[in-house]
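User: Got a model open here and want to talk through the packing. Can you take my questions as they come?

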Amino acid sequence: MAAKLAQHPLMIAAMLIAAATGVMGYAAIPTSEPQLAYNLDTQITADAIVADDGIDQVLYKEAAASTAKIDKQLECLAKVVMHEAANQPREGQLAVAQLIVNRVGQDRFGETVCEVVNQPGQFFRTAGYNPRRDGERWANAVEVSRQAMAGDGDAVVPGAVFYHAAYARPNAFFRTRTKLASVGDHIFYR
């Protein structure tokens with residue numbers, strides 16, 4: 001028993017303190033296994049990965065599982081969010097997604113998300129862009145796109161239909177537009 005106590009981290013710490021200060025005392029040694037302050041059992045599903053080191057449990061969800069079944073319009077929007085704003089804070093990603101949704105149904109842009117983002121001279125041909133779908137960036141792009149398409153939450157830049165990178169000098173087109181806000185590395189206009 002004494003050998004086992006001497007190997008316990010708290011006992012080792014107490015022995016080091018005692019040796020360094022010359023003070024002898026008693027150390028309380030836990031006699032039971034640590035208890036979790038929370039229980040993840042109700043949150044664990046088939047796509048969950050649980051890491052357990054004996055003290056903490058961490059719950060991971062497979063990003064690919066939540067994004068595997070998405071419709072074409074959501075996919076088009078998520079590709080643009082990923083390509084144009086994945087390096088931006090969530091608010092900046094949402095602003096780009098909401099801007100695209102703002103364009104849907106306007107005669108000059110298109111009737112669907114895919115028509116808007118694939119319009120010549122606007123974004124890019126999404127059919128030729130195939131980002132990795134097994135990472136956190138893609139999962140975030142899909143989540144932000146879902147939120148924008150559902151109209152959940154407040155608009156980041158209400159009424160925005162144009163934007164450009166903040167480092168780019170605005171051309172004559174943007175100088176004739178109403179500047180609404182700067183979010184992350186983008187400037188948004190009406």
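User: His 164 first. Buried or exposed?
Analyst: Buried. This is a predicted model, and in it His 164 has 9% relative accessibility. The cut-off for buried is under 20%, so His 164 counts as buried.

User: Which strand is His 164 in?
Analyst: His 164 is in strand S3.

User: What does His 164 contact, leaving aside its neighbours within four places in sequence?
Analyst: Pro 170, Phe 174, Asp 185, His 186, Ile 187 and Tyr 189. With Tyr 189 there is also a polar contact between the side chains, at 2.8 Å.

User: Phe 174 is on that list. Where does Phe 174 lie?
Analyst: In helix H8, residues 172–175. Phe 174 is buried, with a relative accessible area of 13%.

User: And what does Phe 174 touch, not counting residues up to four places away in sequence?
Analyst: Phe 162, Tyr 163, His 164 and Tyr 189. Phe 174 also belongs to an aromatic cluster with Phe 109, Phe 162, Phe 173 and Tyr 189.

User: How far apart are Phe 174 and Phe 188?
Analyst: 9.6 Å in space, C-alpha to C-alpha. In sequence they are 14 residues apart.

User: Sheet next. What's the strand order?
Analyst: S3-S5-S4. It is an open sheet of three strands with antiparallel pairing. S3 and S4 stand at the edges with a single partner strand each, so one side of each has no neighbour in the sheet. Neighbouring strands are turned by 20 degrees against each other on average, direction ignored.

User: How many bridges join S3 to S5?
Analyst: Four, and the two strands run antiparallel. Phe 162 stands opposite Tyr 189 in S5. Ala 165 has His 186 in S5 as its bridge partner.

User: What about S4 and S5, how many bridges there?
Analyst: Four, again in the antiparallel sense. Lys 179 has Tyr 189 in S5 as its bridge partner. S4 and S5 form a hairpin with two residues between them. Gly 184 sits in the turn, with a positive phi of about 60 degrees.

User: Which way do the S5 side chains go?
Analyst: His 186 and Phe 188 point one way from S5. Ile 187 and Tyr 189 point the other way. All of these are buried.

User: Switching to helices. How many residues of H5 are buried?
Analyst: Ten of the 14, so H5 is largely enclosed by the rest of the structure. The buried ones are Gly 92, Gln 93, Leu 94, Ala 95, Val 96, Ala 97, Gln 98, Leu 99, Ile 100 and Arg 103.

User: What covers the buried residues of H5?
Analyst: The cover includes helices H4 (72–85), H6 (113–117) and H7 (136–150). It also includes strands S3 (162–165), S4 (179–183) and S5 (186–189).

User: How far does H5 reach, first C-alpha to last?
Analyst: H5 (residues 90–103) reaches 20 Å, close to the 20 Å expected at 1.5 Å a residue.

User: And what follows H5?
Analyst: Gly 105, with a positive phi near 90 degrees.

User: H4 then. How far does H4 reach?
Analyst: 19 Å from its first C-alpha to its last, over 14 residues. That is close to the 20 Å expected.

User: What do the buried residues of H4 pack against?
Analyst: H5, H6, H7 and S5. Those buried residues are Leu 74, Cys 76, Leu 77, Ala 78, Lys 79, Val 80, Val 81, Met 82 and Ala 85.

User: What's at the start of H4?
Analyst: A side-chain oxygen of Asp 71 reaches to within 3.2 Å of the backbone nitrogen of Gln 73.

User: Last topic, rings. How many aromatic pairs does the structure hold?
Analyst: Seven. One of them is Phe 124 with Tyr 129. Their ring centres are 5.5 Å apart and the planes are at 80 degrees, so the pair is edge-to-face.

User: Is Tyr 129 buried or partly exposed?
Analyst: Partly exposed, at 22% relative accessibility.

Terms used
Residues numbered from 1 in each chain as written. Predicted model: local features only at pLDDT ≥ 70, side-chain atom pairs only at ≥ 80, totals over all residues. Heavy atoms only, no water. Expected span 1.5 Å × (residues − 1). Buried < 20%, exposed > 50% of the residue type's maximum accessible area, 1.4 Å probe, protein only. Contact = heavy atoms within 4.5 Å. Polar contact = N/O pair within 3.5 Å; in protein donor to acceptor, adjacent residues only side chain to side chain. Pairing = 2+ DSSP bridges. Axes fitted to C-alpha atoms, helices over the stretch in contact; angles between N-to-C directions. Phe/Tyr/Trp six-rings, centres within 6.5 Å; stacked < 30°, edge-to-face > 60°.
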